[in-house]
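The exercises below concern the structure shown next.

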Amino acid sequence: MNNIYLQLIDGMAFHKHTGLDVHVTSEFLSANNSQKTALANLFREFSINQLSKQGFNIVQSPYGLRSKIYFNGKEIGRSKMMSDSNFKWND
């Protein structure tokens with residue numbers, strides 16, 4: 001993943017039962033919803049690749065890896081229930 005995109009992340013955590021939590025910087029907030037979705041998918045794919053390289057057996061739902069996006073501890077978006085690559089953003 002490009003270092004520019006990594007600068008938008010404050011931290012990430014994978015939870016076996018609830019999925020991926022991504023904490024973003026304020027720069028992420030300036031993106032429109034379409035851009036946020038594209039970035040969130042990059043973060044999700046990066047996480048899946050890194051966890052796989054470390055030998056984690058990622059148990060995914062039939063719809064993929066659920067993801068939640070946070071800024072300053074508040075959830076600002078999440079992957080949709082039936083599709084992990086589509087996101088709902090809290091405007």
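**Exercise 1. Determine which side chain makes a polar contact with the side chain of Asp84, and describe the setting of Asp84.**

Step 1. The side chain of Asp84 makes a polar contact with the side chain of Arg44, at 2.8 Å. A polar contact is a pair of N or O atoms within 3.5 Å; within protein, one must be able to donate a hydrogen and the other to accept it, and residues adjacent in sequence count only if both atoms are side-chain atoms.

Step 2. This is a predicted model, in which local features need pLDDT of at least 70 and side-chain atom pairs count only at pLDDT 80 or more, while totals for chains, interfaces and linings use all residues. Residues are numbered from 1 along each chain as its sequence is written, and side-chain values use heavy atoms, with hydrogens and water left out.

Step 3. A polar atom of the Asp84 side chain also lies 3.3 Å from the backbone nitrogen of Leu65.

Step 4. Asp84 belongs to strand β5, residues 83-89. Helices (H or I, at least four residues) and strands (E, at least two) are DSSP runs, numbered from the N terminus.

Step 5. Asp84 counts as buried because its relative accessibility is 12%. The classes are buried (under 20% relative accessible area), exposed (over 50%) and partly exposed (in between), with a 1.4 Å probe and protein chains only.

**Exercise 2. State how many salt bridges there are, and identify the residues that are linked in a network.**

Step 1. The count comes to three salt bridges, where a salt bridge is a side-chain nitrogen of Lys or Arg within 4 Å of a carboxyl oxygen of Asp or Glu.

Step 2. Arg44 and Asp84 form one of them, at 2.8 Å from N to O. This pair joins distant parts of the chain, with Arg44 in helix α2 (residues 33-53) and Asp84 in strand β5, 40 residues apart.

Step 3. Glu45 also forms a salt bridge with Arg44, the closest N and O atoms being 3.1 Å apart. Arg44 is buried because its relative accessibility is 6%, whereas Glu45, at 36%, counts as partly exposed.

Step 4. Salt bridges therefore link Arg44, Glu45 and Asp84 in a network, given the cut-off by which such a bridge is defined.

Step 5. Glu75 and Arg78 meet in a salt bridge as well, at 2.9 Å from N to O. Glu75 is partly exposed, with a relative accessible area of 21%, and Arg78 is partly exposed at 28%.

**Exercise 3. Decide whether Asn72 is buried or exposed, and describe its backbone.**

Step 1. Asn72 is found in the loop between β3 and β4 (74-80).

Step 2. Asn72 counts as exposed because its relative accessibility is 70%.

Step 3. The phi angle of Asn72 is positive, about 50°, although Asn72 is not a glycine.

**Exercise 4. Locate Ala13 and list its contacts.**

Step 1. Ala13 is part of strand β1, residues 9-15, and is partly exposed at 29% relative accessibility.

Step 2. Leaving aside neighbours within four places in sequence, Ala13 is in contact with Gly19, Leu20 and Asp21.

Step 3. From C-alpha to C-alpha, Ala13 and Ser47 are 8.9 Å apart in space and 34 residues apart in sequence.

Notes. Contact = heavy atoms within 4.5 Å.
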